[in-house]
Amino acid sequence: MNDTKPSVLFVCVHNAGRSQMAAGFLRDIAGDSVEVRSAGSMPAEQINPTAVEAMAEVGIDITAEAPKVLTTDAVKESDVVITMGCGDACPIFPGKRYEDWELDDPAGQGLDAVRPIRDDIRARIEGLVASLA
């Protein structure tokens, strides 16, 4: 665990949409005051292009990110673990803060359907940042 700044891990199945958008917003809003990780239980080959496009609309570039596999170490090293409404079996460690955000999966959806998911994630991230301060 990082003693100097809080660490947040976003988890969803494919680590291609919701968790990547959340990580992008947290990096953008909190800067380097928070350590940001994201992972998936069954990572996709690439980030969802519609999620990339939706984030680009609000000035956040997540094109350099890639889906990563969820590891026990990633959970151990994080202060806050946020799952994205996908019922992931995430290792549980005492002293961690866990949240489950019920969010629609943007996979296979068009930009008009992904925008409200993106905006919901941004609002949740703003609340998260306030709670970490």
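Buried, as the word is used in these legends, means that a residue has under 20% relative accessible area. The model shown in every view is a predicted one.

**View 1. Arg37, a buried residue of strand β2.** Arg37 is found in strand β2, which covers residues 35-40. Is Arg37 buried or exposed? Its relative accessibility is 17%, and because buried means under 20%, Arg37 counts as buried. The side chain of Arg37 makes a polar contact with the side chain of Glu35, at 2.9 Å. Leaving aside residues up to four places away in sequence, Arg37 touches Ser7, Val8, Leu9, Phe10, Ala74, Glu77 and Ser78.

View 2. Strands of a sheet pair through backbone hydrogen bonds, either parallel or antiparallel. Here four strands form an open sheet in the order β2-β1-β3-β4, and the pairing is parallel. The edge strands, each of which pairs on one side only, are β2 and β4, the latter made of residues 97-100. From one strand to the next, the twist averages 20°. Helix α1 packs on this sheet and touches both β1 (residues 7-12) and β2, while the direction of α1 makes about 160° with that of β1.

**View 3. Strands β3 and β4 side by side.** Strand β3, which covers residues 80-83, pairs with β4 in the parallel sense, and the two are joined over four bridges. Across this pairing, Val81 stands opposite Tyr98 in β4.

**View 4. The two ends of helix α2 and its buried residues.** Which residues of α2 (residues 49-57) are buried? They are Thr50, Ala51, Val52, Ala54 and Met55, and what covers the buried residues of α2 includes α1 (18-30) and α4 (111-132). An α-helix has 3.6 residues a turn, so residues three or four places apart point the same way. After α2 comes Gly59, whose phi is positive, near 80°.

**View 5. The crossing of helices α2 and α4.** The axes of α2 and α4 come within 9 Å and cross at roughly 60°, and the two helices are therefore oblique to each other. In this crossing, which is right-handed, α2 passes α4. Where the helices meet, Thr50, Ala51, Glu53, Ala54, Met55 and Glu57 in α2 face their partners Leu111, Val114, Arg115 and Arg118 in α4.

View 6. Val58 is found in the loop between α2 and α3, the latter made of residues 72-76. With a relative accessible area of 29%, Val58 is partly exposed. Not counting residues up to four places away in sequence, Val58 touches Phe25, Arg118 and Arg122. Although Val58 and Arg122 are 64 residues apart along the chain, their C-alpha atoms are separated by 10 Å.

**View 7. Asn15, a loop residue with a positive phi.** Asn15 is found in the loop between β1 and α1. Most residues other than glycine have a negative phi. The phi of Asn15, however, is near 50°, a positive value in a residue other than glycine.

Notes:
Residues are numbered from 1 along each chain as its sequence is written. This is a predicted model: local features need pLDDT of at least 70, side-chain atom pairs count only at pLDDT 80 or more; totals for chains, interfaces and linings use all residues. Side-chain values use heavy atoms; hydrogens and water are left out. Buried means under 20% relative accessible area, exposed over 50%, partly exposed in between (1.4 Å probe, protein chains only). A polar contact is a pair of N or O atoms within 3.5 Å; within protein, one must be able to donate a hydrogen and the other to accept it, and residues adjacent in sequence count only if both atoms are side-chain atoms. Contact means heavy atoms within 4.5 Å. Two strands pair if DSSP finds at least two bridges between them. Axes are lines fitted to C-alpha atoms, for helices over the stretch in contact, and angles run from 0 to 180 degrees between N-to-C directions. Angles under 35 degrees count as roughly parallel, over 145 as roughly antiparallel, 65 to 115 as roughly perpendicular and the rest as oblique. A crossing is left-handed if the near helix is turned anticlockwise from the far one by less than a right angle, and right-handed if clockwise.
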